[in-house]
Amino acid sequence: MAPTLVCCAAPIGYGPATKLATLAGALRGHGLRPVFLGEGSALEAARRSTVFDDVLTGPGDAPAVRAAIDASAGLLSLMEREHLAVAQRRGRPTFVVDSLLWMRDHVPPAFRAATRYWAQDFVGVRGRAAGLATVIGPVVPPTAAPRVHGAGLVIALGGTASPFGDAAADGAWLDLLVEAVVDAGLVASFAGRAVCMASEPCRARLAARHAGRGITFTSLAPAAAARLLASAAFVLAAPGLTTALECFQLGVPTGFLPPLGYSQWLILEALRAQGLAPHAFHWADRLPPESIVVGMPEAGRTERVRALVRPRLHDAETRRGLRAALRAMCEGDLAALAARQHAFFAALGPNAVGAIARDIAALCADGGRA
């Protein structure tokens, strides 16, 4: 029987899980059987995927988890830490793919201790990675086929189950978003063809609160989500790096929603600075300079972003500003925007999926010694 590779992804959001599923598919082609191990949004995404031989969950000290790791050829982590550290303590080869090195306050010791540590390129990565990680191009589903338009507007909210951690703020954000999209005329601009992708908890809230607004709400496996993005005339996305780069590769013109977390905050600032997110509404425009900066301590920074954003969900200025921003995005030159975004993607280097899969397969075959 082919050897297994334990595959883990950070449990918050769909970005790490999407990259993990893409790599798992490539690893199968090298004779490895990917087994998912994790929790949270990553577990939700993995259960929908067909690429994993098995889907497991549990803490690092669970006997079944230890047994799965011990029986494996190694462990691949998309920024997951707990099971990565277990695998290292148990002497297994470990592999880390990190898409957020550029904004970290410190690199986790388990990342530094990995058999291979790759950092996906982005603004500021090369300076941070020197002597620490191998810089790679984007980790996205490879594509060679031309896009086929089918959908109109696709709203991609990512995989966060509860953006603010409390029902009142979550509901206020979803209401603000849907009302701004409808009132800005975006649904009408795309002939009533609008689909919103979200985690299952957010999808259920949206469907219950906003039926009849002209938007279809859905929650999809990574492969199905990629197909929907490829069919869009315009994507309006939460500013996560995975979705942004997938759309940039495809040449789908992409606008961005206001950020709801620390990494999203910094990603949107970087995209705006590169001219890739024109008209994007950012909370930073309404706050004192350097309210949120690169390298803030990991403990408490997400809570700080939420504290800054939460009181602004209800005011009229936010509603007017977001509505105007969305309207301006769609009234711009979308073809020129897509060209700039695609050029940025191409400058990051070749798609890294194949190279990572080949390296992992060789190292697993050699017991991590290559």
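This is a predicted model: local features need pLDDT of at least 70, side-chain atom pairs count only at pLDDT 80 or more; totals for chains, interfaces and linings use all residues.

Q: Is Met-79 buried or exposed?
A: Met-79 counts as buried, because its relative accessibility is 9% (buried is under 20% relative accessible area, exposed is over 50%, and partly exposed is in between, with a 1.4 Å probe and protein chains only). Residues are numbered from 1 along each chain as its sequence is written, and side-chain values use heavy atoms, with hydrogens and water left out.

Q: And where does Met-79 lie?
A: Met-79 is in the loop between E4 and helix H4 (82–89). Helices (H or I, at least four residues) and strands (E, at least two) are DSSP runs, numbered from the N terminus.

Q: What is phi of Met-79?
A: It's near 70 degrees, a positive value in a residue other than glycine. His-279 also has phi near 70 degrees, again positive and again not a glycine.

Q: Where's His-279, then?
A: In the loop between helix H12 (262–273) and helix H13 (301–309). His-279 is partly exposed, with a relative accessible area of 47%.

Q: Back to E4. Which sheet has that strand, and what's the order?
A: E4 belongs to an open sheet of seven strands, E3-E2-E1-E4-E5-E6-E7, with parallel pairing. Pairing here takes at least two DSSP bridges between the two strands. Strand E3 (54–56) and E7 are at the edges with a single partner strand each, so one side of each has no neighbour in the sheet. The twist from one strand to the next averages 25 degrees; axes are lines fitted to C-alpha atoms, for helices over the stretch in contact, and angles run from 0 to 180 degrees between N-to-C directions.

Q: How many bridges between E4 and E5?
A: Three, in the parallel sense. Leu-76 stands opposite Phe-95 in E5.

Q: What does H1 touch on that sheet?
A: H1 packs on it, touching E1, strand E2 (33–37), E4, E5 and E6. Its direction makes about 150 degrees with that of E4. Contact means heavy atoms within 4.5 Å.

Q: What do the buried residues of H16 pack against?
A: Strand E1 (4–9), helix H1 (15–28), strand E4 (75–78), strand E5 (94–98), strand E6 (116–120) and strand E7 (134–136).

Q: Which residues of H16 are buried?
A: Val-353, Ile-356, Ala-357, Ile-360, Ala-361, Leu-363 and Cys-364. They cover an arc of only 165 degrees around the axis, which puts them on the same side of H16; the arc is taken from the directions from the helix axis to the C-beta atoms. Arg-358 and Ala-365 are exposed on the face turned away from that buried side.

Q: Why would a spacing like that give one face?
A: An α-helix has 3.6 residues a turn, so residues three or four places apart point the same way.

Q: What follows H16?
A: Gly-367, whose phi is positive, near 70 degrees.

Q: Switching topic: what's the order in the sheet with five strands?
A: E10-E9-E8-E11-E12, open, with parallel pairing. Strand E10 (216–218) and strand E12 (254–256) are the edge strands, each pairing on one side only.

Q: How many bridges link E8 and E9?
A: Strand E8 (residues 153–156) and strand E9 (residues 194–197) pair over four bridges. Val-195 in E9 is the bridge partner of Val-154.

Q: Which helix lies across E8, E11 and E12?
A: Helix H11 (residues 241–250), running at about 160 degrees to E12. The buried residues of H15 pack against E11, H11, E12 and helix H14 (316–331).

Q: Which residues have the most contacts in the largest nonpolar core?
A: Val-181 and Leu-236, in a core of 104 residues. A nonpolar core is a set of buried Ala, Val, Leu, Ile, Met, Phe, Trp, Tyr and Cys residues joined through side-chain atoms within 4.5 Å. Helix H7 (residues 167–183) gives its largest share, nine residues. There's also a second, separate core of 34 residues, including Phe-36 and Val-97.

Q: What is Leu-236 in contact with?
A: Leaving aside neighbours within four places in sequence, its contacts include Val-154, Val-181, Phe-256 and Met-329.
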